[in-house]
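Let's take a walk through this structure together, from domains to chain interfaces. Please keep the sequence and the 3D view open as you read.

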Amino acid sequence: MSQWVIKGIGTGIKTTAYPRGAERAAGVTPGLPRGGDVGAAAPALVERCLTHALEHTNGVISVDSRRCVHCYRCVRGVGQPLNWEATYEWGSTIATPGLKNELGQPFRRSIHVLVVDAGDCGACLNEVKQLNNPYYNMHRLGFFITPTPRHADVLLVVGPVTDQMRFALRKVHEAMSTPKRVVAVGACALSGGVFAKSFVCSNGVADVLPVDVEVPGHPPPPLAILHGLLVAVGRKQPLPLAAAGYEPT
Amino acid sequence: MSTPTLLLVFFAACGAGILLSLVVRPARQGFVLAGLGCLAAVAAVAVGIEGLLTGAVFTQPLWSLPGLTTLMLRLDPLSSAFVVVTGLVLFPASIYAAGELSRDSAPRHKRAFTVMLLALYASIVLILIAGDALLFLLAWEVMSILCYLLVVSAPGGENGQVGSAYLLLAMGEAGTLAAAVGFLLLALGASSLQFDALKSGASALGASVRGAVFLLTFFGFGVKAGLVPVNSWLPRAYAAAPRAFAPVLAGATLNLGLYGILRVNADLLPVAQAGLGQVALIIGTVSALLGILYATTDNDLKTMLAHSSIENVGIVVAGYGAGMVFVATNHPALAAMAFLAALYHLINHSLFKTLLFFGVGAVETQTGTRDMDRLGGLIKWMPLTALGFLAGSLSIAALPPFNGFVSEWLTLQVMLRSAELSSAGAKIVFASCGAVLALTAALAVTCFVKVFAMSFLGMRRLDVERRVNETEPSALASMAILAVLCLAFGVLPTYVIPMLDPASRQLAGASASDGLVPPFFASAPAHDALPVAFAAEFHDLGAQVGQHIVGGRGLVVLHRGGVDNPVIFAMSTSYMLLTLIGLLLLTYIVIRLWLTRTRRLARRERWDGGVRRLLPEMTYTATGFSNPVRVIFDAIFRPTTVEDTSETVAEHFRMAIRREKERVHLVDRLVLQPVSFAMLWFAHSLAAMHRGRINTYVTYAFLALLIALAVLPAY
Amino acid sequence: MNPADLKEQIEGRWPGKTQVGRDVSSSTTEVTCTRAVLADLCRCIFQHWGFGFAGLIVEEDSNAWQLRYVFYGERDAGWVHIVVSAPVADNVFPSVVEWIHAADWHEREAEDLFGVRFDGHPHLGDFVLHNDAWQEDVQPMRHGFDAQAALRHRLPDADWRPRRIVQEPGAFVMPVGPKFSGVTESVHFLLETVGEDVIRSSTRLFYKWRAIEKLAEGKTVDEVLLLAERFAATTAFAHGLAFCQAVERVSGAELPARARALRVFLAEIERLRQHAGAIQGICESTALVVANSQAGLLEEELLRVSGELSGHRYLFGLLTPGGLLCDLPTNACRIALTQSQDILKRLNELERRLSISSSFLDRIEDVGVVRLSAATDYSLVGPVARASGLVRDLRRAQPYSGYETFDYHVPSEQEGDGYARLRVLFAEARQSVRIIEQATAVLKEGDVCKTVEFRPGAALGWVEAPRGGTFHWVRLDEGGRVARYRVVTPSFINWHSFHLAAEKFAFQDFPIILSTFDLSVAENDR
């Protein structure tokens with residue numbers, strides 16, 4: 001058994017500098033379209049977006065990142081690609097004041113997160129799972145995964161909420177004690193993604209539960225989910241709405 | 001009232017009850033039974049307490065049989081202790097039986113039942129106060145036959161009722177025979193069959209006779225007590241016994257076996273060899289372990305209680321064994337403690353076992369089943385029964401502040417005192433038995449967590465059609481009485497111990513009260529018996545707290561060792577109860593006044609993983625709960641596979657997996673079955689003589705004639 | 001058995017009742033037969049001639065049912081499609097499960113979603129549509145059913161009870177899920193037990209059913225490609241590739257060499273990453289903390305390799321019918337190769353350490369055994385099948401994208417236990433890096449995409465995905481839109497056999513058995 005101990009120590013520290021500093025390694029994020037002025041190419045770009053995440057007014061494209069499913073059709077195979085930003089601090093709140101006080105000070109550094117898969121494709125869930133690996137190690141920030149809603153402070157939902165999971169999801173939320181927050185992770189959980197809206201899928205979690213924090217991306221990388229969780233407990237500022245690309249300014 | 005008067009009241013009440021029940025209408029039998037049964041029970045308790053308080057020996061010659069003996073009554077502290085328990089059990093049992101009778105449909109059986117039960121009461125007390133071997137054995141016979149009749153006569157008997165009753169009778173008679181031979185051996189050196197004479201003549205007996213007497217009486221009486229390996233009848237008879245009678249069987253007649261063992265082997269002929277004491281200790285321990293193992297894995301409420309009786313009897317007998325060893329090795333104070341612990345546990349067992357039988361009876365009448373796999377969630381429909389049953393379960397699982405804790409704790413402490421023995425072998429035996437008894441105590445908790453949880457908690461598994469109501473007031477009242485007694489015996493050991501002291505002093509020749517110090521905090525003079533420094537030390541610990549609030553004896557049980565190390569152990573269930581109440585109150589106050597002032601309390605459904613509907617078949621069954629025990633102790637249970645098949649369609653579609661295992665009790669497997677095989681074989685060989693042909697019989701007659709002719713002239 | 005023999009045998013045995021056609025370009029033998037000989041024919045193909053069962057494809061025309069049973073053999077045998085048709089009103093077909101147990105779940109699914117009855121199937125119903133949530137007679141895959149409108153009126157079965165087969169005094173069902181454990185997909189297990197040991201387990205799937213086959217109907221190819229990539233994103237590239245290949249086969253498109261090589265390159269990068277993830281899952285289930293962390297590091301590094309190479313950590317947005325949506329610089333591929341080689345070294349080291357950790361081996365050896373005979377009868381695929389000695393690999397058996405030009409080896413084991421599956425994962429990871437090396441070497445500058453003219457028709461696309469063979473059936477209509485999309489995934493195939501491995505085991509072994517199967521619920525539920 002000692003071989004494992006030695007190996008473990010010998011590996012050294014791999015953990016990201018985030019949230020103290022920025023993570024600059026390549027490949028940690030797929031990025032999000034940024035929008036902007038593309039002039040005459042705008043209508044063609046908007047046309048190419050199959051999930052209607054893009055809109056344009058006078059050549060200026062605005063992005064609804066909740067609908068973006070990372071198909072890259074607005075940057076690949078087109079003459080004039082859209083701006084694309086390799087950021088990862090994507091967690092944003094759906095407004096409502098009083099959010100700061102809801103979980104309260106005692107919860108800031110010890111949060112039990114319950115993850116519910118409500119029809120996820122496996123990618124978001126895999127990215128949530130990565131938060132436990134040494135690169136991200138969410139424990140150091142006081143986040144713990146719990147299997148039971150009784151211990152949970154934050155409900156993290158991935159997936160568009162399928163018909164047969166809707167009941168279970170409501171039951172989970174119901175079983176959690178207050179104060180509780182709901183974090184919806186991934187484009188599917190925010191808008192239903194490519195599956196919405198059908199006879200078996202909702203238009204995302206908000207159709208079923210009140211959502212407090214949204215993390216766009218398809219899937220959002222681990223750092224974005226981490227940011228979402230930090231936003232949920234008030235330890236990070238949410239992404240300004242404009243930067244998230246919801247509304248053109 | 002004086003002892004004779006009280007005894008007269010007792011027997012008069014029983015007699016009057018029998019006569020009355022012969023004349024009144026069947027519908028009124030319940031009143032006769034309850035009224036006169038209770039009166040008799042009160043008289044018994046009174047006479048017993050008086051005997052214990054005075055510590056005097058009361059004797060009353062009855063009838064002189066020339067050349068044989070004088071039948072006489074004799075009430076000494078030991079008898080008194082047993083009479084008190086009997087009275088305590090018979091009081092609620094009479095009320096309960098009356099309630100059960102009212103539900104009984106057969107009018108003839110009602111009358112017969114009342115007569116037999118009251119006669120049984122009389123015979124039980126007569127056994128306990130018999131002053132000579134003949135009266136003792138006569139009463140014993142009457143008691144045995146009444147037990148048999150009561151079991152066999154119940155209407156609507158289940159499968160195997162007659163067989164169980166017959167086994168009860170047969171094994172009981174075999175035991176009686178062995179005990180009778182034991183008495184005869186004892187009488188070899190005595191002038192008469194009176195106990196006093198037997199006792200004084202006992203010293204003349206040789207070691208081998210002493211050993212024989214011990215073995216004969218120990219196992220002979222052990223049958224009634226349900227000791228391994230002569231316990232086979234017990235679970236069967238308990239299961240077959242009518243609901244009204246089972247509590248008496250468990251609470252009163254069981255004690256008679258324990259009384260017999262104690263009377264002969266600790267009083268009339270105290271065991272002089274430590275080895276025999278160790279035999280008792282080991283047999284007791286094995287009984288305890290096997291009893292609780294089978295109890296834990298049994299799903300029938302009644303047989304489960306029967307196996308648990310075997311366990312508790314085992315604990316009592318282990319205490320006896322320890323006492324005998326201490327007597328033989330000349331540690332009278334320790335012996336007194338051991339006997340006291342055993343007697344205490346015996347009393348406790350009678351109380352909580354009777355209580356549990358009431359609960360089981362109530363469950364069975366309301367649900368129609370005793371199978372724990374089919375019960376569940378009854379607390380919603382039978383909350384008071386559940387409360388009573390919970391009190392009984394806590395007691396039997398030896399959890400403070402109930403009574404089981406005190407006596408089991410004392411027993412285990414006594415085991416630890418084996419350090420004072422000089423023999424290494426004995427120390428090893430004590431240590432191993434102590435460890436096994438501790439395991440037994442732990443398993444008892446498992447067992448009764450299972451029983452209570454599977455029957456009363458969780459989801460209802462019964463068919464929805466079946467209506468379940470709270471049981472009738474008479475049963476609730478009798479459960480309440482016993483539950484209160486269980487609690488009282490649990491929190492006031494400092495009052496019980498001095499009470500039992502005369503009985504154990506009679507056996508050990510020393511007082512346990514000197515070692516166990518209940519009066520410590522009663523008043524200043526009590527300090528005299530203790531070193532000043534020791535008293536001060538305890539004073540500093542705050543053990544005197546409450547002496548002004550609760551007057552009387554101190555509420556701490558402590559055992560005093562030598563001067564260097566005065567305290568060996570100290571414990572107080574009284575303070576435990578107070579602390580418990582205090583903590584619960586504090587929790588309540590904190591939640592009510594502090595937490596819920598700012599927060600809202602919300603009730604939520606249980607978390608079930610998000611299934612659409614949690615169904616009863618998705619929750620643990622009693623079998624499932626106790627399966628780990630079954631797996632761990634597989635070597636003891638040795639189940640045989642009756643069926644292990646799977647049904648498959650089209651090679652791969654599993655349609656059914658059928659599995660069934662059967663197990664035979666270890667004792668049945670190793671003792672009962674071989675014995676009955678041998679008996680049958682013997683009977684068959686005898687039967688071979690009966691060929692049924694006339695020539696054979698003529699030959700027999702001819703041969704007999706020849707032998708007669710050959711032998712007769714010799715005289 | 002080669003196609004000519006096949007044709008001769010079939011026509012000889014069932015003259016007049018079968019029609020055998022041959023499509024050389026896709027090496028497919030299509031047998032049209034009547035319902036009367038269906039079971040017999042299937043039995044011959046599956047049991048006697050040793051074909052694997054790929055799946056059942058149900059199609060509803062305007063006036064007829066068409067059921068297509070797809071089989072695949074070794075390289076020269078190619079594909080066999082058995083097609084049986086019936087008028088729409090007449091929806092009863094003979095069940096073939098008695099001979100092809102692998103068709104069990106396919107028939108149940110078809111019964112649930114189309115309302116097609118299979119005569120002789122021992123238990124139908126309560127499969128995709130849970131009876132405690134949906135009423136029985138809803139048939140969402142039928143033409144008239146509106147996929148966009150929410151289902152309003154429901155009459156779920158209030159008396160639903162789990163199907164229990166263990167008959168033992170005191171037996172009960174331990175429900176696990178759909179929400180259980182930490183970060184797990186939603187699935188429900190019913191473990192039948194009498195305490196301690198689990199006697200039998202059954203899985204209740206489709207909590208995550210998103211009905212992508214229904215959603216695809218009437219959509220454009222590009223829209224359906226999004227669905228194909230995103231219904232099971234841990235193996236997104238493989239499924240996207242299978243869909244693209246089906247579309248390309250319908251339309252008869254030829255791909256540029258660079259696109260083919262890059263597809264192989266990316267498919268193997270994905271396999272390497274997914275296998276590292278599966279290995280991490282196994283380490284996690286055995287609670288071996290350091291190994292779990294080490295495997296976790298490797299998985300994350302491989303995700304970063306994908307991200308750095310393609311922009312997306314799960315290789316989204318690369319595929320398009322006709323090639324790739326964008327070119328990947330050869331240099332970036334070389335970097336990815338070097339990184340993969342480095343990661344492989346550490347993966348090998350991890351395997352070496354695991355193979356000498358007795359506490360780990362104790363938990364994983366002889367656990368969750370699937371025998372070869374069962375693997376054949378269930379027609380298993382992927383590492384699960386290969387660990388049981390069933391050496392089936394579509395890259396070898398029915399090569400695509402130029403796999404026939406690569407030099408690699410298909411690892412297999414005989415034991416069929418958890419450890420065998422783990423060893424297969426490690427060995428396949430090594431082979432993947434070998435293929436990546438060769439694919440990088442053959443990369444030549446050139447186009448990566450050709451425009452595809454969509455033509456009406458139907459074809460099968462198949463890919464050896466990381467979890468095993470996946471089969472995508474695509475039918476395009478005149479407008480170039482998708483008329484029918486049928487996806488058979490490796491998880492769907494292998495879940496079917498999971499109960500074999502999860503039978504008579506100690507409860508604490510359950511997560512280990514589950515993790516060694518590396519099953520994806522999303523891939524199964526579609």
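Into which domains is chain A divided? Chain A has a domain 1 covering 32–85 and a domain 2 covering 92–238, with bounds that come from an automatic or database domain assignment. Before going further, a word on conventions: this is a predicted model, in which local features need pLDDT of at least 70 and side-chain atom pairs count only at pLDDT 80 or more, while totals for chains, interfaces and linings use all residues. Residues are numbered from 1 along each chain as its sequence is written, chains are lettered from A and ligands numbered from 1 in the order in which they are written, and side-chain values use heavy atoms, with hydrogens and water left out.

Let's stay with chain A for a moment. The centres of its domain 1 and domain 2, taken over C-alpha atoms, are separated by 27 Å. Domain 1 of chain A brings 8 residues to the contact and domain 2 of chain A brings 10, where contact means heavy atoms within 4.5 Å. The size of an interface is often given as the accessible area lost when the parts come together. Here the buried area (accessible area, 1.4 Å probe, that two parts lose on being put together, summed over both) is about 700 Å², with carbon and sulfur atoms giving 61%. On the domain 1 side, Arg66(A), Val69(A) and His70(A) supply 68% of the area buried against domain 2 of chain A, more than any other three residues.

Arg66(A) also takes part in a salt bridge with Glu214(A), whose closest N and O atoms are 2.7 Å apart; the term stands for a side-chain nitrogen of Lys or Arg within 4 Å of a carboxyl oxygen of Asp or Glu. Across this domain interface the rule finds 1 salt bridge.

Strand E3 (residues 54–57) and strand E4 (residues 60–63) of chain A run antiparallel and are joined by 4 bridges. Strands such as these are DSSP runs of E with at least two residues, helices are runs of H or I with at least four, and both are numbered from the N terminus; two strands pair if DSSP finds at least two bridges between them. Thr57(A) has Val60(A) as its bridge partner in E4(A). The hairpin has 2 residues between the strands, and Asn58(A) takes a positive phi near 50° there.

Now turn to where chain A meets chain C. Here 73 residues of chain C are in contact with 64 residues of chain A, and the two chains bury about 5500 Å² between them, 61% of it on carbon and sulfur atoms. How many salt bridges does the rule find across the interface of chain C and chain A? There are 4, and Asp117(A) and Lys208(C) meet in a salt bridge at 2.6 Å, N to O. The helices of chain C that each supply at least two residues of this side include H4 (212–216), H5 (221–230) and H7 (257–285). H8(C) gives the most, with 14 residues.

Chain C itself is divided into domain 1 (3–119), domain 2 (172–204) and domain 3 (212–525). Between its domain 2 and domain 3, about 1100 Å² is buried, carbon and sulfur atoms giving 65%. On the domain 2 side, Glu185(C), Val198(C) and Ser201(C) lose the most area to domain 3 of chain C, together 38% of what that side buries. The count of salt bridges between domain 2 and domain 3 of chain C is 0.

Finally, look at chain B against chain C. In this interface 32 residues of chain B are in contact with 41 residues of chain C, and the buried area is about 3100 Å², with 58% from carbon and sulfur atoms. The count of salt bridges between these chains is 3. Glu617(B) and Arg161(C) form a salt bridge, their closest N and O atoms being 3.1 Å apart. Helix H21 (622–632) and strand E6 (653–662) of chain B are the elements that give two or more residues to the side touching chain C, and E6(B) provides the largest share, 8 residues. E6(B) also pairs with strand E8 (residues 166–167) of chain C in the parallel sense over 2 bridges, where Arg658(B) has Gln167(C) as its bridge partner.
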